[in-house]
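Here's a quick briefing on the chain shown below. Have a look at the fold before reading on.

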Amino acid sequence: MSVAMAAGIAALSVIGAGLGIGVATSKAVEAVARQPEASNKITTIFLLGAALAEATAIYGLLIAILIIFFLK
């Protein structure tokens, strides 16, 4: 039971990353709509932020898998 709870808590990082990427995307779209001439800079910064958020999700998923298979 505690292994499943630990894995569930570790998997919550996926939800956080998804919410973070969603917020970042909405802000990037707003920024491009306001300043279309800066779209290249905004896109670069957005892609860097999205990659970092995805890395967090992948770490959470990896920890959840490790907990499930190695702490039984």
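Does Ile-58 count as buried or exposed? Ile-58 counts as exposed, because its relative accessibility is 53% and the cut-off for exposed is over 50%. Keep in mind that this is a predicted model. In outline, the protein chain has two helices and zero strands.

**Overall shape**

- The C-alpha trace of the protein chain spans about 55 × 15 × 5 Å along its principal axes.
- The radius of gyration is 16 Å for the protein chain, while a compact globule of 72 residues would come in near 11 Å.
- Of the contacts in the protein chain with a separation of 6 or more, 74% are between residues 24 or more positions apart.
- The protein chain has an accessible surface of about 5,300 Å², and carbon and sulfur atoms own 76% of that.

**What the UniProt record says**

- An unreviewed UniProt entry puts the annotation "domain: V-ATPase proteolipid subunit C-like" on residues 5-67.
- For residues 44-71, the end C-alpha atoms lie 40 Å apart, with the span at 96% helix and 0% strand.

**Ile-21, on helix H1**

- Helix H1 runs over residues 2-34, and Ile-21 lies in it.
- Ile-21 counts as buried because its relative accessibility is 17%, and buried means under 20%.
- Leaving out residues up to four places away in sequence, Ile-21 touches Phe-46, Ala-50, Ala-53 and Glu-54.
- Ala-51 is 30 residues from Ile-21 in sequence, yet their C-alpha atoms are 9.1 Å apart in space.

- Ile-58, the residue from the opening question, is found in helix H2.
- Ile-58 and Val-14 are 44 residues apart along the chain, with 7.6 Å separating their C-alpha atoms.
- Leu-52 is found in helix H2 too, and with 55% relative accessibility Leu-52 counts as exposed.
- Go 16 residues along the chain between Leu-52 and Ile-68, and you'll find their C-alpha atoms separated by 25 Å.

**The nonpolar patch**

- Val-14, Leu-61, Leu-62, Ile-65, Leu-66, Ile-68, Phe-69 and Phe-70 together make a nonpolar surface patch of about 760 Å².
- Which helix gives the largest share of the nonpolar patch? That's helix H2, residues 39-70, which supplies seven residues.
- Leu-62, one of the patch residues, is found in helix H2.
- Leu-62 has a relative accessible area of 46%, so Leu-62 is partly exposed.
- Val-14 is also part of the patch, and this is the residue whose C-alpha atom is separated by 7.6 Å from that of Ile-58.

Methods:
Residues are numbered from 1 along each chain as its sequence is written. This is a predicted model: local features need pLDDT of at least 70, side-chain atom pairs count only at pLDDT 80 or more; totals for chains, interfaces and linings use all residues. Side-chain values use heavy atoms; hydrogens and water are left out. UniProt positions are given in the numbering used here, feature names are shortened, and annotations may be inferred rather than shown by experiment. Helices (H or I, at least four residues) and strands (E, at least two) are DSSP runs, numbered from the N terminus. The radius of gyration is taken over C-alpha atoms; the globule rule is 2.2 Å times the number of residues to the power 0.38. Contact means heavy atoms within 4.5 Å. Accessible areas come from the Shrake-Rupley method with a 1.4 Å probe; for residues, only the protein chains shown count as cover. Patches are made of residues with over 30% relative accessible area and no salt bridge: like charges are joined within 9 Å, nonpolar side chains (Val, Leu, Ile, Met, Phe, Trp, Tyr) within 5 Å. A salt bridge is a side-chain nitrogen of Lys or Arg within 4 Å of a carboxyl oxygen of Asp or Glu. Buried means under 20% relative accessible area, exposed over 50%, partly exposed in between (1.4 Å probe, protein chains only).
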